[in-house]
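Hello,

Here is the structure I promised to send over.

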Amino acid sequence: MLISGMIISSLSLFAQNTSNTAGQPSVRLYVFDGGILENMDPKSFGLKNEEVSTTRMSAPCYLITHPKGTLMWDTGSVPDTAWTYTGSPVQYTFMEDDYRQDITLNKPLMLQLKAVGYPPANITYLALSHKHFDHIANANDFVNATWLVRQNELDDMFPKDSAGVEKPSNYPHLRNNKRIILDTDEFDVFGDGTVIIKSAPGHTVGHQVLFVRLSKHGNIILSGDLYHFPEQRPLNRFPGREFNQEQSRDSRLTIDLYLKKMNAELWIQHDFAANLKLRKAPEYYE
Ligand SMILES: [Zn+2]
């Protein structure tokens, strides 16, 4: 039994570091639990109460592993350091100025990452869909990652004066990360077309989405906050407080065309019901 276990683990190591049988690079996508946002008000997202199936939202984080390195996409809604893991769901209230948000936490992100063998200090690249609290919470921990960020979002995250709602205190270590400033609409992370960060501004000034080519599952795009509730998509409804709603409208059209071009499906990150059905780490998509 021991020997067969060793064979299996060395086989899986082999699969992790080489191409798959179709000759494509072996890309894996892990889905992590970054907290559940509770009692979201549909009206803040342009919807009526009766138009949504749930007022809960998932706040997932994702790790993409590639033969040339790893990419972390978003980092959860509450820093691991702000709560204590008990093994049971923990209720947490996020507060910033007059904004309050109840969040259910199940497992620290660091434990979830360690369980798949990728502690945060070993991650090659960090990219955030955008700067909002429910996407950046554990960004401080990816100290050795090269941060892939757009100049306008960076300027917004570290404003020269303290006006506005940006809170660099939530991610001070990011100031010191190595950076690549993304100045093209599309940025091909590993240079082979399997993992592409695409600009989709509007929700924030430098909001972006992530395309991932998965050889078995098929291609996907991680939405960032292009939509929050899935019901927004057919109705084309927008949150009340977009950075620029016209830009968001254009970005949705652009990404719809991109989905067709890339033969990809859209994963709305905050879609609680869809997220519930996903395989979670340590399982993965490939
Ligand atoms: Zn969000």
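First, some ground rules. This is a predicted model, in which local features need pLDDT of at least 70 and side-chain atom pairs count only at pLDDT 80 or more, while totals for chains, interfaces and linings use all residues. Residues are numbered from 1 along each chain as its sequence is written, and side-chain values use heavy atoms, with hydrogens and water left out.

**The zinc site**

Four residues coordinate the zinc ion at 2.1 to 2.2 Å: D134 and D225 through OD, H135 and H270 through NE2. Donors here are N, O and S atoms within 2.8 Å of the metal (3.2 Å for Na, K and Ca), and since water is not among the atoms, sites may look incomplete. Along the sequence the donor residues follow the spacing D-H-x89-D-x44-H. H135 sits in helix α3 (residues 133-136) and D225 in the loop between β14 (219-222) and α5 (232-235), so this pair ties together parts that are 90 residues apart in sequence. Helices (H or I, at least four residues) and strands (E, at least two) are DSSP runs, numbered from the N terminus.

The arrangement is irregular because the four donor atoms subtend angles of 85 to 161 degrees. To count as tetrahedral, four donors need all angles between 85 and 135 degrees; four count as square planar and six as octahedral if opposite donors are over 155 degrees apart and all others between 65 and 115, and anything else is irregular.

Both H135, at 1% relative accessibility, and D225, at 3%, are buried. Buried means under 20% relative accessible area, exposed over 50%, and partly exposed in between (1.4 Å probe, protein chains only).

**Salt bridges**

The whole structure holds nine salt bridges, each defined as a side-chain nitrogen of Lys or Arg within 4 Å of a carboxyl oxygen of Asp or Glu.

- E286 pairs with K216, with closest N and O atoms 3.0 Å apart. E286 is in the segment after α7 (272-277) and K216 in the loop between β13 (208-212) and β14, so the pair ties together parts 70 residues apart in sequence. K216 is exposed, at 65%.
- D256 meets R233 at 3.4 Å, N to O. D256 belongs to helix α6 (residues 245-261) and R233 to helix α5, so they tie together parts 23 residues apart in sequence.
- D41 bridges to K43, also with a closest N and O separation of 3.4 Å. D41 is partly exposed at 33%, while K43 is exposed at 55%.
- D185, E186 and K198 are linked in a network of salt bridges.

**Helix α6**

Buried residues in α6 are S248, S251, R252, I255, Y258 and L259. They fall within an arc of 130 degrees seen down the axis, so they line one face of the helix; the arc is that of the directions from the helix axis to the C-beta atoms. These residues pack against β11 (186-188), β12 (195-199), β13, β14, α5 and β15 (264-267), where contact means heavy atoms within 4.5 Å. On the face turned away from the buried side are the exposed residues L253, L257, K260 and K261.

**T70**

T70 is in strand β5 (residues 69-73) and is buried, at 5%. Leaving aside neighbours within four places in sequence, its contacts include L63, Y118, N122 and F190.

Best wishes
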